[in-house]
Amino acid sequence: MLSFILVILVSFVFTGVVIRTKSIASGRKGPGIMQPMKDIYRLFRKGAVYSETTSIIFQIAPTIYFSSVVMAIMVLPFGHTRGLISFNGDFIFFAYVLALGKFFSIIAALDTGSSFEGMGASREALFSMLVEPAFFILIGSLGILTGYTSFHEIFMTFHFSTYITYAIGVLVTFVLAMICMIENSRMPVDDPKTHLELTMIHEVMILDNSGFDLGLILQTTNLKFAMYGALIANLFMGNLVWYFTIPLFFMFQFLFAITVGILESFSARFRMSHNAQFILVLSSISLLVFFVILMIMNKF
Amino acid sequence: MINILLIVFTITLLYFVIANRLITYVNILAFQGVLLFGVAFFELHEINLVNLIFILLETLVIKTFAIPMFLRYVIKKNNITREAEPYLPNFASLIIVTLIIVTTFVVSNVINDPHLNKIYFVVALSTLFSGLYFITTRKKIVTHVICYVIIENGVFILSLAVGAEMPLLVNLGILLDVFVSVFLLGIFINKIGDVMQEMDISELNKLKD
């Protein structure tokens, strides 16, 4: 319950911090931290306009996309406390509930009949498909290391004892952060600021959404950021008591938001053809983590 | 600590696969030199001082500074194209190199020899095979030399695994560097890049005596 409330709270300010970091890095003052939330609130008060060529899928997709991410957030633990939903193998549930939301956003984009949106949907599907092995190998290897299969128990028993676990921690953090950037279609693979439909990935899929639906999709992006930030924070919190973990959690989210902002300000996006190989590197790195863990456990 | 350095060394191999520019290749070589310096420094503290200083100087001075600087100079002097231009797309190369690493893990597991230091064996062998693979898929002569240095780094790691008992073997591994410098001098003196415009090995097919 605690993690659910905290992630929702953080999601209100996460994108604001990212945008503020980007503005400061480029020498501007920038909008207030709550500005993205104000925009979303404005969108929530509007009605939606639906194209005549679309079917019911297009109308229910944003809601399913939003609720799938909310469902995934419920799985996340917070230090000692379990998530709202917690069972053995819940990381598989986590990944596939997110995949369900993504599936609906993809078929909704195809439903509009626009050629641009189909292209964006195809790219998003490809990138999500390439990200999936990285995520599963990573969490699976942590499962082997700790001997448990639910997020709560994995994070509770994962300790930073020897220097090799620090190396694993750094690698896992890097891969999770990159997975977050790819799933949210941010800088190394996609530029949220782009204005050309041909080079868009996520933005082109939501071109036809308006009003309330667009607000839901934008808020989902915020939630996703906060969700992956919580996953990374959990890795380091272990079984500390709550008055350490809550400030630690906010600090990690804040640092993560600043990192995202700095990454977006100072890096150029890859050429579209280079994206696939970059995402595959993440899988290779998680394979390395897997082998290192096998080596620690003396199983190989 | 050695394990972390060796893991980072394997990641540099993956980075080498997706890098596009020759300068990146050279920088990776320099970084690998630093990593090898770290590995040698932590591994070889039991052999005599002169030998140790010789090896550390070799990794730091030759591998990290001399060879990369000379490579940069050669690339600039011979007007070699800055793109690497592999035959295969990087995506396929990445899968193959990952498979090479996985296979060496499996092989070292099958051998299962108590005298074998597994992580050294895996990193050295995967470096060797990836280096060979890089040579076969890159067009330019300079890239061949760069990939040869990578193979040679693999041999160095393998010799370090037994270096505590046999320091002579490490010194023998170092002799390969001399070989590389002969290659480089050959390219430099013959100005292959200038003579043939494109520094491309397919041009060498036209050579006749």
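This is a predicted model: local features need pLDDT of at least 70, side-chain atom pairs count only at pLDDT 80 or more; totals for chains, interfaces and linings use all residues.
Helices here are DSSP runs of H or I with at least four residues, strands are runs of E with at least two, and both are numbered from the N terminus. Residues are numbered from 1 along each chain as its sequence is written, while chains are lettered from A and ligands numbered from 1 in the order in which they are written.

Is Phe256(A) buried or exposed? Phe256(A) counts as buried because it has 25 C-beta neighbours inside 10 Å; the cut-off for buried is 20 or more other C-beta atoms within 10 Å of a residue's own, exposed means 12 or fewer, and partly exposed lies in between, with C-beta atoms placed from the backbone. Leaving out residues up to four places away in sequence, Phe256(A) touches Gly229(A) and Ile232(A). Two residues are in contact if their C-beta atoms, placed from the backbone, lie within 7 Å. The C-alpha atom of Phe256(A) is also 9.8 Å from that of Val17(A), 239 residues apart along the chain.

Now to the nonpolar cores, each a set of buried Ala, Val, Leu, Ile, Met, Phe, Trp, Tyr and Cys residues joined through C-beta atoms within 7 Å. The largest has 120 residues, and Ile179(A) and Met227(A) touch the most other members. Helix 11 of chain A supplies the largest share of this core, 12 residues. Beyond its neighbours within four places in sequence, Met227(A) is in contact with Val7(A), Val69(A), Ala72(A), Ile73(A) and Leu76(A). Apart from this core lies another, of 18 residues, including Phe58(A) and Ile217(A).

Next comes the place where the chains meet. Chain A brings 16 residues to the contact and chain B brings 17 residues. On the side of chain A that touches chain B, the elements giving two or more residues are helix 7 (163-183) and helix 11 (272-296) of chain A. Helix 11 of chain A gives the most, with 12 residues. By class, this side of chain A has 14 nonpolar, two polar and no charged residues; Ala, Val, Leu, Ile, Met, Phe, Trp, Tyr, Cys and Pro count as nonpolar, Asp, Glu, Lys and Arg as charged, and the others, Gly among them, as polar.

Chain B itself has eight helices and zero strands. Buried residues make up 39% of its 209 residues. The axes of helix 1 (residues 2-18) and helix 2 (residues 22-43) of chain B come within 9 Å and cross at roughly 165°. These two helices of chain B are therefore roughly antiparallel to each other, a term for angles over 145 degrees. Their contact has 13 nonpolar, three polar and one charged residues.

Finally, look at two backbone details. Most residues other than glycine have a negative phi. Ser185(A), however, has a positive phi near 55°. Ser185(A) lies in the loop between helix 7 and helix 8 (202-205) of chain A and counts as buried, with 21 C-beta neighbours inside 10 Å. Glu85(B) also has a positive phi, of about 55°, although it is not a glycine. Glu85(B) is in the loop between helix 3 (49-77) and helix 4 (90-111) of chain B, and its 14 C-beta neighbours inside 10 Å make it partly exposed.

Methods
Axes are lines fitted to C-alpha atoms, for helices over the stretch in contact, and angles run from 0 to 180 degrees between N-to-C directions. Angles under 35 degrees count as roughly parallel, over 145 as roughly antiparallel, 65 to 115 as roughly perpendicular and the rest as oblique.
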